[in-house]
Amino acid sequence: MLRVSHSGVTRQESDTVNTRLTTALSRPFALGSTKLPNRIAMAPMTRGHSPDGIPGEDVAAYYARRAAAGTGLIITEGTTVDHRSAGYIDGVPRFHGEEQLAGWRKVVDAVHTHGGAIMPQLWHVGIQRPAGAPPFPDAPSVSPSGIALDGTPGAGETMTLADIDAVIGAFAEAAGAAERIGFDGVELHGAHGYLIDQFLWERTNRRTDAYGGDPASRTTFAADLVAAIRERVAPDFPVVLRFSQWKADHYDTRLAENPKELEAVLTPLAEAGVDAFHASGRRYWQPEFPDTGSDLNIAGWAKKVTGKPVITVGSVGLDSVFQPGSLSGANAAVETIDRLLDRLERDEFDLVAVGRALLADPEWADKVLNGRMSELIPFTKDAVATLH
């Protein structure tokens, strides 16, 4: 096992690491009908630069710059489905409406011009929507049981079966629109305590009907949603689901305490038609279930228990983990990605999603793939001020 420190590294050793990284990351990968030129993905990051929910020319150029510099797969920032309670931030793009979808078509065309693939991340925030939030201030906050992430009851409206059907329909309609306007797949935001995750998590899902109960029963909403999407899109149109152990501002919470519980959650989703899982961890090198004696991270375990392709993410290329406010001011220095080597080479995961590092440096993929690590730009608050 090769480990390279920040000091005392010979040029030959550095060249060896660069060669291994290039080889591991530059391998093509097929996900359904989508053929990716390499293993690098852009992680979804909320930017809020789409007035009236319409992604403009600046948004198209922002994503195209990353594709032009070799990022194989772009996963867009969260974009809300057609449900009045889905969003809560001004400037977040929407995935419904004639002008909004026309804007997204231009984004797709710009990315494809540079040989990249792109998927929208379809989003509903659920209970995390505060009262009076934009873009529809009169819309209520909805969730499986009206329970906040901290366990406070009565924080919003409990969804009726009609509400559930409406949201599932909105996701399915959005996925159909994504395929129609040329996207290469869709990602469903089922992580970080947003609506899909609220159904998966015991703390926020106390329902006594078919959508609540044990871990497998709590997957019913997400599984029904995926099944509805599969009916709207081609069989080989990729559907990715992002999930996480941690929730917004609740970094020590867990969806699954052990591999058996993780399998109970993910297996019904795979059977419903999820093609790949995007496992959101805060540190890609951290073993998820160390008591098992394995050093697999959360993405590695997702692949092991489902057999599906997986995307890993978590502080890739930076020396500090994601913290509250990281996208609004906390700096992070460039870090080597030597620890990715062994995991990539043994195919613990299939794709590597890069977040803040790629936000700071649009040419991150090109520099890493071509051994130009010394030219990488560190992450600072300036990276979020504009669509650089």
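**Helix pair**

I looked at α2 (residues 57–68) against α3 first: the two helices pack at an angle of about 25 degrees, and their axes lie 8 Å apart. This is a predicted model. Angles under 35 degrees count as roughly parallel, so α2 and α3 are roughly parallel to each other. I then listed who makes the contact. From α2 come E57, V59, A60, Y63, A64 and A67. From α3 come K106, V107, A110 and V111. I also checked the handedness: α2 passes α3 in a right-handed crossing.

**Strands**

Next I traced the sheet. Eight strands form a closed barrel, in the order β3-β4-β5-β8-β9-β10-β11-β12, with parallel pairing. From one strand to the next, the twist averages 25 degrees. I zoomed in on one pair. β4 and β5 (residues 117–123) run parallel and are joined by six bridges. In this pair I found T80 opposite W123 of β5.

**S85**

Where does S85 sit? I found S85 in the loop between β4 (73–80) and α3 (98–113). Is S85 buried or exposed? Its relative accessible area is 2%, and buried means under 20%, so S85 is buried. The S85 side chain reaches the backbone oxygen of P140 at 2.5 Å. Leaving out residues up to four places away in sequence, I noted that S85 touches H124, V125, G126, R129, A139, P140 and V142.

Key
Residues numbered from 1 in each chain as written. Predicted model: local features only at pLDDT ≥ 70, side-chain atom pairs only at ≥ 80, totals over all residues. Heavy atoms only, no water. Helix = DSSP H or I, 4+ residues; strand = E, 2+ residues; numbered from the N terminus. Buried < 20%, exposed > 50% of the residue type's maximum accessible area, 1.4 Å probe, protein only. Polar contact = N/O pair within 3.5 Å; in protein donor to acceptor, adjacent residues only side chain to side chain. Contact = heavy atoms within 4.5 Å. Pairing = 2+ DSSP bridges. Axes fitted to C-alpha atoms, helices over the stretch in contact; angles between N-to-C directions. Parallel < 35°, antiparallel > 145°, perpendicular 65-115°, else oblique. Left-handed = near helix turned anticlockwise from the far one by under 90°.
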